[in-house]
Amino acid sequence: MTSELLYMIAGLGLFSIGLSGVLIAGHVMRKILALNVMGVGIFMFLIALARKSESVFDPVPHAMVLTGIVIAVAGTALALNLMVRIHNIDETELERTRQESAKPEKIEL
Amino acid sequence: MNGLSSSLFLPAIVFLPLIASIIAFLVGRNRLQGRINMLFALLQFLLVILTTVLFLSEQSYQSSRYVIGGWGAPLGIDLVVDGFSILMIALTGLLTLLISAYSTSYFSEQFSSEQKGLRFWPLWWLLIAGLNALFVSGDAFNIYVCLEIIGLSAAALVAIQGTRAALEAALRYLLVGLLGSLFYLLAIAILYRTHGTLDLMQIAASADNGLPDKVAMILIAIGLLLKIALFPLHFWLPQAHANAPTPVSAILSALVVKASLYVLIKFWFDILGETTTFGASQVLGALGGAAILYGSWSAFRATQLKVLIAYSTVAQLGYIFLLFPLSKYAVGGSSFSGSASQAAIYFIVAHACAKAAMFLSAGNLILSQGNGEIAQLKGIATREPLNVLVFAIAGISLIGLPPSAGFIAKWLLLTTSIESGQWWWVIVVIAGGLFGAMYLFKVLGLAFTSGTVDTGQGNKQPREHVSGVMTAVAMILAIITLALGFNAEFILNISNPIVEASSV
């Protein structure tokens, strides 16, 4: 077994681990991380197949990985932003209900 | 012929919206924002018309290639158009013009805060750029990039409303989109390892039905079905399409799901056509049938107008998936050809126009009524007669009654299923039409009932009449839907020679 093949299989393994994470994970943060693990798995696969021999490398997969990383960063940033906004809305909502439930007690006192 | 392949039209189709996006971002709060965007929409439309005319004037609708930077296929990226993609580009150009006109009014101060318009326009043009780039792309990895541009900008557009429901729908939409794209990317990596090229035609030329090709086709199908929202994978669509601002809902249902469908059709029938089997096509057809029945039933049960229309999209996408078994069987298992492909492409065009018209008119009704409850629409026909008319025309097309584009599309589907001997799809198509009538007449019946709802009407002052532009745009789309029904041959002829055009 060549080392490239080993890396490719490891990349596919990462992809599967990430996929199970996306499907099973409860929290959105975990899902976003799992998606990134999937992406890294594919990148590893691509980098491994770029090596043609000891010193000859195919540049095209490298270019694909670079582009893929940029896209992954953009997607992750947008997902995190949306997650934080939803969290903030929930927080303010929680705060308001807490204040509302606190008011009647004061009146009774 | 040195028409399209040597001219700058194809790259310009991609770059014009990108430039518009940057300028819309720079212009910001300026009062000219609306006019500048209208100018770009007109320019874009003109460009698309010229490209289409040029394509049609070339002999036998052969596919044209534009070689970016003169590099050529294995190393560089080529832009390719054939009959199918030129139709999608023309459709995108038309809907961009109309929905942009609608949006200038929708995002003006009268109806929404200035903030939303500020966010809308750059993302809007980015989405259009992604769509156009996808339709002209001849490179597998380039298609991945386009899918991501579309997915990211579409998810951000859904989030514009800023409500919790919209943000949650956008987040789910984004995650599903990213997941689908990753499946596609893995497939591309496998294809590159097997064939040593990313150019679609070169992959098609060396595809040999080996195990890697089969695995790649399965991965592509899973990834894109997630993005298209075929029946069991539709869970994200209704909320995303219903919670978006109206112009965004319209473009999401009309074009964005079709973009992934376009890629799937290309791979399934052209590029990896040999790997697909009769059984797999039947599975897709069965899922499509289930989507028709389930989507229609859910639409019937919906209480919000936009949710109803979104579920109707789930159902209508099901019809297009009936093409997969039909074309596979009809022409001896060769490839995407003959009347089934015509039916599917015609269906895509018909549904895009009808659904855009329906979403825009529904948006007008909601603005006029002040909320999106279907029960609140009672008697609205007297106040908004034109918008109800548009809704009715779009509904007629979706149900498939003559004279409308939807009728021709369904007629083609029915005749091909009978010709190919697969009569069981006929039952599904007819049942789907009945279900469609059920949920659309539910809305129309309420709209024409006299009297208004008493509950909570006193404190809620209905908004003033919807602006003329917004009604006019919806009306134009409805007229186009009808006109397509009378002028079907034109589109059928463009989509017909797709096999000759794209087989290598």
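Me: What makes up the secondary structure of chain B?
Reply: In this predicted model, chain B comes to 20 helices and two strands. A run counts as a helix if it has at least four residues, and as a strand if it has at least two.

Me: How do you know what share of chain B is buried?
Reply: A residue is called buried if 20 or more other C-beta atoms lie within 10 Å of its own. Of the 504 residues of chain B, 61% count as buried.

Me: Why is α16(B) called roughly antiparallel to α17(B)?
Reply: Let's look at the angle. The axes of helix α16 (residues 405-419) of chain B and helix α17 (residues 424-448) of chain B come within 9 Å and cross at roughly 160°. That makes α16(B) roughly antiparallel to α17(B), because angles over 145 degrees count as roughly antiparallel. The crossing of α16(B) past α17(B) is left-handed.

Me: Which residues of α16(B) and α17(B) meet?
Reply: From α16(B) come Lys410(B), Leu413(B), Leu414(B), Ser417(B) and Ile418(B), and they meet Trp425(B), Val426(B), Val429(B) and Gly433(B) in α17(B).

Me: How do you know that the length of α1(A) agrees with what a helix should span?
Reply: Helix α1 of chain A, residues 3-24, has 22 residues, and at 1.5 Å a residue they should span 32 Å. The end C-alpha atoms of α1(A) are 31 Å apart, which agrees.

Me: What puts the buried residues of α1(A) on the same side?
Reply: The buried residues are Met8(A), Gly11(A), Phe15(A), Gly18(A) and Val22(A). They cover an arc of only 85° around the axis, which puts them on the same side of α1(A). On the other side, Ser3(A), Leu5(A), Leu6(A), Gly13(A), Leu23(A) and Ile24(A) are exposed.

Me: What covers the buried residues of α1(A)?
Reply: The cover includes α2 (28-50) of chain A together with α6 (164-195) of chain B.

Me: How many residues of chain A are in contact with chain B?
Reply: There are 25 residues of chain A in contact with 22 residues of chain B. On the side of chain A that touches chain B, α3(A) gives the most, with 14 residues.

Note on methods:
Residues numbered from 1 in each chain as written. Chains lettered and ligands numbered in written order. Predicted model: local features only at pLDDT ≥ 70, side-chain atom pairs only at ≥ 80, totals over all residues. Expected span 1.5 Å × (residues − 1). Buried ≥ 20, exposed ≤ 12 C-beta atoms within 10 Å, placed from the backbone. Arc of directions from axis to C-beta. Contact = placed C-beta atoms within 7 Å. Axes fitted to C-alpha atoms, helices over the stretch in contact; angles between N-to-C directions. Parallel < 35°, antiparallel > 145°, perpendicular 65-115°, else oblique. Left-handed = near helix turned anticlockwise from the far one by under 90°.
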